[in-house]
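Try each task yourself, then follow the solution step by step.

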Amino acid sequence: NVWKFMQVSNLDGVNWTATGFNDAAWPSGPGLLAFETNPAITNLIKTTLNAPTIATNGMGSGHAYYFRTTVNAPTNLTGFTINAYIDDGAVFYVNGSEARRVRMPSGTITNASLTDSGQQPPPNGDAINPESFTPPASLFTVGVNTIAVSVHQNVVGSSDITFALNLS
């Protein structure tokens, strides 16, 4: 799927997960989206992202990356399974409502939020296998739905970022 993404702005205080948010100026590209040197991942990259070590627009190294796309849900939808490649942690939203946190702490998530230090990073430290979960079917409506994801680092100096998502 093609994703809109923002890697150079702090969206704290901006309702970027809302269905009506205007992401027309954001760059876009197909998944897998990443900045990664692991050979198990590099050949899967369809869109290369900026290195997370780069400080930009007043944000320090290790800032969040934001992703958005839309999907159509049929009238007979009983639910979706999300399979996602995430390095290191993420918060998933469907139509503006939080659907799941993966390795993220409770409470308010900001651009500078790091993963929960009490949770293990992706297997082998890189997102070489997808992680699966089923978001509440009640978050989806018949027709167009917006999926938004913020991806976060486990440490400020992290050298990689990986994101891809498949719905089944």
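**Exercise 1. Find how many aromatic pairs the structure holds, and describe the pair of W16 and Y93.**

Solution. Start with the rule: rings of Phe, Tyr and Trp (its six-membered ring) pair if their centres lie within 6.5 Å; planes under 30 degrees apart count as stacked, over 60 as edge-to-face and the rest as tilted. By this rule there are 7 aromatic pairs in the structure. In one of them, W16 and Y93 sit 5.8 Å centre to centre with 75° between the planes, an edge-to-face arrangement. Strands here are DSSP runs of E with at least two residues, and helices are runs of H or I with at least four, numbered from the N terminus.

A note on the source: this is a predicted model, where local features need pLDDT of at least 70 and side-chain atom pairs count only at pLDDT 80 or more, while totals for chains, interfaces and linings use all residues. Residues are numbered from 1 along each chain as its sequence is written, and side-chain values use heavy atoms, leaving out hydrogens and water.

**Exercise 2. Decide whether W16 and Y93 are buried or exposed.**

Solution. Recall the cut-offs: buried means under 20% relative accessible area, exposed over 50%, partly exposed in between (1.4 Å probe, protein chains only). W16 has 7% relative accessibility, so W16 counts as buried. Y93 has a relative accessible area of 15% and is therefore buried.

**Exercise 3. Classify the pair of F92 and F133.**

Solution. The ring centres of F92 and F133 are 4.9 Å apart and the planes stand at 65°, so this pair is edge-to-face. F92 lies in strand β7 and F133 in strand β9 (residues 131–133), 41 residues apart, which makes this a link between distant parts of the chain. For burial, F92 has a relative accessible area of 1% and is buried; F133, at 7%, is buried.

**Exercise 4. Say which residues ring pairs link into a cluster.**

Solution. The cluster consists of W3, F67 and F163.

**Exercise 5. Work out how the whole chain is built.**

Solution. Count the elements: the protein chain has 1 helix and 11 strands. Read from the N terminus, their order is β-β-β-α-β-β-β-β-β-β-β-β. Finally, look at burial: 46% of the 168 residues count as buried.
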